[in-house]
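Biologist: I've got the sequence and the fold on my screen and would like to go through them with you. Can we take it one question at a time?

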Amino acid sequence: MVSRLLSIEEVSTFDAIFVSGGNSAVLCREMVRTGFDKVLKRAIDNGLVYVGISAGSMYAAGNLDNGLHIIMNPIIPHWSGKKAAEITNPPTEIYLSDGQALYIENDEISLI
């Protein structure tokens with residue numbers, strides 16, 4: 001299979017990028033190895049909407065040293081305990097049950 005890294009110009013033509021689940025450490029390692037982490041960060045800084053599910057949300061949060069760190073709070077997805085009712089200041093972990101999500105815009109974090 002032939003593949004190549006998308007340029008910042010190509011990624012900037014998208015409305016959003018969706019990063020799904022899996023192993024968050026492998027996801028992060030491959031983002032860094034391919035250099036896509038830098039392209040993705042620039043595109044997000046330029047207004048690209050990032051949608052992360054499971055490992056994709058952990059990659060965007062404060063879980064991984066080389067993650068995006070859109071927020072500093074680590075995210076714990078698929079939480080089976082009590083549903084989160086509020087978001088606290090970093091670096092408190094955010095436990096998200098299936099069906100819960102974070103919406104982040106202009107440094108404002110909302111639980112939806």
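Biologist: Let's start with the strands: which residue in strand 6 is the bridge partner of I104?
Modeller: Strand 5 (residues 102-105) and strand 6 (residues 108-111) run antiparallel and share four bridges. Two strands count as paired here if DSSP finds at least two bridges between them, and helices (H or I, at least four residues) and strands (E, at least two) are DSSP runs numbered from the N terminus. Within strand 6, the partner of I104 is I109.

Biologist: Before we go on, what pLDDT do local features need?
Modeller: Residues are numbered from 1 along each chain as its sequence is written, and side-chain values use heavy atoms, with hydrogens and water left out. The model is predicted, so side-chain atom pairs count only at pLDDT 80 or more, totals for chains, interfaces and linings use all residues, and local features need a pLDDT of at least 70.

Biologist: Back to that hairpin: which residue there takes a positive phi near 50 degrees?
Modeller: The hairpin is built from strand 5 and strand 6, with two residues between the strands. The one with the positive phi is N106.

Biologist: And what is the phi of H78, which isn't a glycine?
Modeller: H78 sits in the loop between strand 3 and strand 4. With a relative accessible area of 48%, H78 is partly exposed (buried means under 20%, exposed over 50%, partly exposed in between, with a 1.4 Å probe and protein chains only). Its phi is positive, at about 60 degrees.

Biologist: Where is H69, another non-glycine with a positive phi?
Modeller: The phi of H69 is near 55 degrees. H69 is partly exposed, at 25% relative accessible area. Its place is the loop between helix 4 and strand 3 (75-76).

Biologist: Is S97 buried or exposed?
Modeller: S97 belongs to the loop between strand 4 (94-95) and strand 5. Leaving out residues up to four places away in sequence, S97 touches W79, G81 and K83 (contact means heavy atoms within 4.5 Å). Its relative accessible area is 7%, which means S97 is buried.

Biologist: Now helix 3: why do we say that its buried residues line one face?
Modeller: The buried residues of helix 3 (residues 36-45) are F36, D37, V39, L40, A43 and I44. The arc is taken from the directions of the C-beta atoms, as seen from the helix axis. Those residues line one face because they fall within an arc of 160 degrees.

Biologist: Which exposed residues sit on the face turned away from that buried side?
Modeller: The buried residues of helix 3 are covered by elements including helix 1 (8-11), strand 1 (16-19), helix 2 (24-34), strand 2 and helix 4 (55-60). The face turned away carries the exposed residues K38 and D45.

Biologist: Which residue just after helix 3 has a positive phi of about 110 degrees?
Modeller: Helix 3 spans residues 36-45. Just after helix 3, the residue with that phi is G47.

Biologist: How many salt bridges are there?
Modeller: One of them joins the side chains of R4 and E10, at 2.7 Å from N to O. R4 is exposed at 59% relative accessible area, while E10 is partly exposed at 27%. A salt bridge is a side-chain nitrogen of Lys or Arg within 4 Å of a carboxyl oxygen of Asp or Glu, and by this rule the count is four.

Biologist: How far apart along helix 3 are K41 and D45, which meet in another one?
Modeller: The side chains of K41 and D45 meet at 3.4 Å, N to O. K41 is partly exposed at 31% and D45 is exposed at 53%. They are separated by about one helical turn, being apart by four residues.

Biologist: Which residues are joined into one network?
Modeller: Salt bridges that share partners join R29, E30 and R33. The side chains of R33 and E30 meet at 2.7 Å, N to O, and both residues lie in helix 2, three residues apart.

Biologist: Last one: how much accessible area does the nonpolar surface patch have?
Modeller: V49, which lies in strand 2 (residues 49-52), is partly exposed at 44%. Patch members have over 30% relative accessible area and no salt bridge, with like charges joined within 9 Å and nonpolar side chains (Val, Leu, Ile, Met, Phe, Trp, Tyr) within 5 Å. Areas come from the Shrake-Rupley method with a 1.4 Å probe, and for residues only the protein chains shown count as cover. Together, F18, V49, V51 and I53 have about 340 Å².
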